[in-house]
Amino acid sequence: VRDDVAKSLRLTDPVVVTATVDRPNIFLEVVDGDAIGDAEAELADLYEWITDNDGAGLVYACKREEVERIAAELSDAGVDAQAYHAGMEAGARARVAGGFASGGAPRVVVATIAFGMGINKSDVRWVVHWDLPKMLANLLQEMGRGGRDGQPAASRVYHTRRRRVTVGGGGGR
């Protein structure tokens with residue numbers, strides 16, 4: 001793959017830097033959402049987990065409607081949470097991203113994959129995947145947004161048959 005990329009970019013004698021994706025400071029947990037119960041019980045579990053964990057965090061969901069619903073439910077329950085997705089007005093997206101990156105409000109961003117690229121926040125303490133991403137590389141990239149400061153972080157994945165995502169090529173959500 002490295003050779004193909006270099007060839008397609010017409011690079012001659014490129015400097016290639018490779019590294020492991022192993023991040024020993026990130027604790028990975030997979031939750032069986034079906035065992036928790038229905039979608040409402042699963043959301044209650046997410047709320048409880050967020051309130052038990054300090055610091056800033058991200059919740060990734062595949063669909064904009066889910067992002068809006070989860071952010072609203074968390075916010076209504078007292079969590080400083082805001083939605084972020086590509087369908088939002090650019091100014092609103094900038095306010096959410098800027099507030100989160102600066103350490104202000106919100107403490108929790110519920111987002112599609114539209115969020116994260118270009119956000120350089122080293123002290124994200126946890127990342128939750130409400131849905132599994134379409135590609136394993138996305139899961140690794142998104143969970144890697146936690147603990148960039150080398151301090152402990154958590155990555156939690158909710159797995160359920162209720163929310164299935166077709167595994168395959170990239171594509172938008």
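This is a predicted model: local features need pLDDT of at least 70, side-chain atom pairs count only at pLDDT 80 or more; totals for chains, interfaces and linings use all residues.
## Strand β5 and its neighbours

Strand β5, which covers residues 124-129, is mostly covered, since six of its six residues are buried. Strand β2 (residues 56-60) pairs with β5 in the parallel sense over five bridges, and within this part of the structure Gly57 stands opposite Trp126 in β5.

Strand β6 (residues 153-159) also runs parallel to β5, and four bridges join the two; here His129 stands opposite Val157 in β6. Together with helix α6 (residues 136-143), strands β5 and β6 make a right-handed β-α-β unit.

## Salt bridges

The count of salt bridges comes to six. One of them is formed by the side chains of Asp34 and Arg161, which meet at 3.6 Å, N to O. Because Asp34 lies in helix α2 (residues 33-36) and Arg161 in the segment after β6, this pair ties together parts that are 127 residues apart in sequence. Asp34 counts as partly exposed, at 28% relative accessibility, whereas Arg161 is exposed, with a relative accessible area of 58%.

The side chains of Arg156 and Asp45 meet in a salt bridge at 2.8 Å, N to O. Arg156 lies in strand β6 and Asp45 in helix α3 (residues 39-52), so the pair ties together parts that are 111 residues apart in sequence. Arg156 counts as buried because its relative accessibility is 7%, while Asp45, at 22%, counts as partly exposed. A salt bridge also joins the side chains of Arg125 and Asp149 (2.9 Å, N to O), and this pair links distant parts of the chain, with Arg125 in strand β5 and Asp149 in the loop between α6 and β6, 24 residues apart. Salt bridges that share partners join Glu29, Asp45 and Arg156 into one network.

## A nonpolar surface patch

Val1, Val5, Leu9 and Leu11 make a nonpolar surface patch of about 420 Å². Among these residues, Leu9 is found in the loop between α1 (2-8) and β1 (26-32), and with a relative accessibility of 54% Leu9 counts as exposed.

## Gly99 in helix α5

Gly99 has its place in helix α5, which spans residues 90-101, and counts as buried at 13% relative accessibility, because buried means under 20%. When residues up to four places away in sequence are not counted, Gly99 touches Gly104, Ala105 and Pro106. Gly99 and Lys63 are 36 residues apart in sequence, and their C-alpha atoms are 23 Å apart in space.

Technical notes. Residues are numbered from 1 along each chain as its sequence is written. Side-chain values use heavy atoms; hydrogens and water are left out. Patches are made of residues with over 30% relative accessible area and no salt bridge: like charges are joined within 9 Å, nonpolar side chains (Val, Leu, Ile, Met, Phe, Trp, Tyr) within 5 Å. Accessible areas come from the Shrake-Rupley method with a 1.4 Å probe; for residues, only the protein chains shown count as cover. A salt bridge is a side-chain nitrogen of Lys or Arg within 4 Å of a carboxyl oxygen of Asp or Glu. Buried means under 20% relative accessible area, exposed over 50%, partly exposed in between (1.4 Å probe, protein chains only). Two strands pair if DSSP finds at least two bridges between them. A crossover is right-handed if, with the strands pointing away from the viewer, the path from the first strand over the helix to the second runs clockwise. Contact means heavy atoms within 4.5 Å.
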